[in-house]
Structure formats: C-alpha cells, structure tokens
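Good morning, and thank you for coming. Please look at the sequence and the structure on the screen while I speak.

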Amino acid sequence: MKKLFLAILILGILGAAVGFYFYNKPLDAMAGQKADFKLTAEELFNAFENDEAAANAKYLDKVVEVRGKVLEVKPDEDGKTGILLDAGGMFGVNCKLDDLAEDQRQNFTEGEEVSLKCICTGKLMDVVLVRCVEVE
C-alpha cells in the first residue's frame, strides 16, 4: 500500500512539474513563423462571411499572412495597437500587434498598404487576428 501511494505521489509531482513548464514556456517569435496561408484582407473576410464554419476549420489558430489597406489605427482596451484593414464592406480585419515583438513599428497611417503575419482567432463582427508583426 505504501508503494502504491508513493508511486501515485511521484506521478502527481511529475505531472505538476510538466504542467508548470508548459504553462510558463515562452511563445515563439512571430517574425520567425512560416505563414500557413497568404491572402488579402478581403479574401479572408469573405471566407468567414460566406461559410464561417469552414473558415474556422481552415484558418482558426493558424499563422496567416494578410495584406490590405489600413482603414483605422487605434489602441485597444489593453493599450495595444490595433489596425483595422479594409475588407471592402462595413466591417474588416482587426489586427492586434504583437507586444512581444522587438522594434515593432507602431506608426501606421490610414490608407497605407501593409502585410502582416498573425494568428487567426475567428470572427466576431470583424475577423480578429492577434500577435501581428509586419512583413517586409
């Protein structure tokens, strides 16, 4: 009985240590990530607008390189820079810049054409992309 208890205790401690390691593991830099998909802001928005379930299956949690015209630049509620890309309609593609990226440009201007590499998190009213870095 003591050996069984000791084995369970050791497994529990190992499980907690592994969980702690993965919880605190640093994120990979977005600049070094390879894009799974390259498309325009309008193509990405239309994919979600036409069939959200299929677009979620294809793009959700994937690295997407999106190109488009800056419609608006504004900080979000957390103070992070957000960029809204024009998707040809009332809504667009909302890109939140990666605050972990070093030397990330913040001075985007409306009307400017940009390419960003981001992680897609789905669609609310706009398609939402996070951890965005500029692609040059």
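**Rings, core and cysteines**

I begin with Phe37, which counts as partly exposed at 23% relative accessibility; here buried means under 20% relative accessible area, exposed over 50%, and partly exposed in between, with a 1.4 Å probe and protein chains only. Before I continue, please note that this is a predicted model, in which local features need pLDDT of at least 70 and side-chain atom pairs count only at pLDDT 80 or more, while totals for chains, interfaces and linings use all residues. Residues are numbered from 1 along each chain as its sequence is written, and side-chain values use heavy atoms, with hydrogens and water left out.

Let us turn to the aromatic rings. The structure holds two aromatic pairs; rings of Phe, Tyr and Trp (its six-membered ring) pair if their centres lie within 6.5 Å, and planes under 30 degrees apart count as stacked, over 60 as edge-to-face and the rest as tilted. The ring centres of Phe37 and Tyr59 are 4.9 Å apart and the planes stand at 75°, so this pair is edge-to-face. Phe37 belongs to strand β1 (residues 37-40) and Tyr59 to helix α3, so the pair ties together parts that are 22 residues apart in sequence. Helices (H or I, at least four residues) and strands (E, at least two) are DSSP runs, numbered from the N terminus. Tyr59 is buried, at 7% relative accessibility.

Phe48 and Tyr59 form a tilted aromatic pair, with 6.2 Å from centre to centre and 35° between the planes. This pair links distant parts of the chain, since Phe48 is in helix α2 and Tyr59 in helix α3, eleven residues apart. Phe48 is buried, with a relative accessible area of 1%.

I now move to the nonpolar core, meaning a set of buried Ala, Val, Leu, Ile, Met, Phe, Trp, Tyr and Cys residues joined through side-chain atoms within 4.5 Å. Which residues of the largest nonpolar core touch the most other members? Of its 24 residues, they are Leu44, Leu85, Val93 and Leu129. The elements that give two or more residues to this core are α2 (41-50), α3 (52-59), β2 (63-75), β3 (81-86), β4, β5 and β6. Another core, of five residues, lies apart from it, and includes Ala35, Val63, Ile119 and Val133.

Leu44 has contacts (heavy atoms within 4.5 Å) with residues including Tyr59, Val93 and Leu129, leaving aside residues up to four places away in sequence.

Finally, the cysteines. How many disulfides does the structure hold? There is one, a disulfide being a pair of cysteine sulfur atoms within 2.5 Å. It joins Cys118 to Cys132, with 2.2 Å from S to S. Cys118 is in strand β5 (residues 113-123) and Cys132 in strand β6 (residues 127-134), 14 residues apart. The link of Cys118 and Cys132 is right-handed, with 120° about the S-S bond. Cys118 is buried at 0% relative accessibility, and Cys132 is buried at 0% as well.
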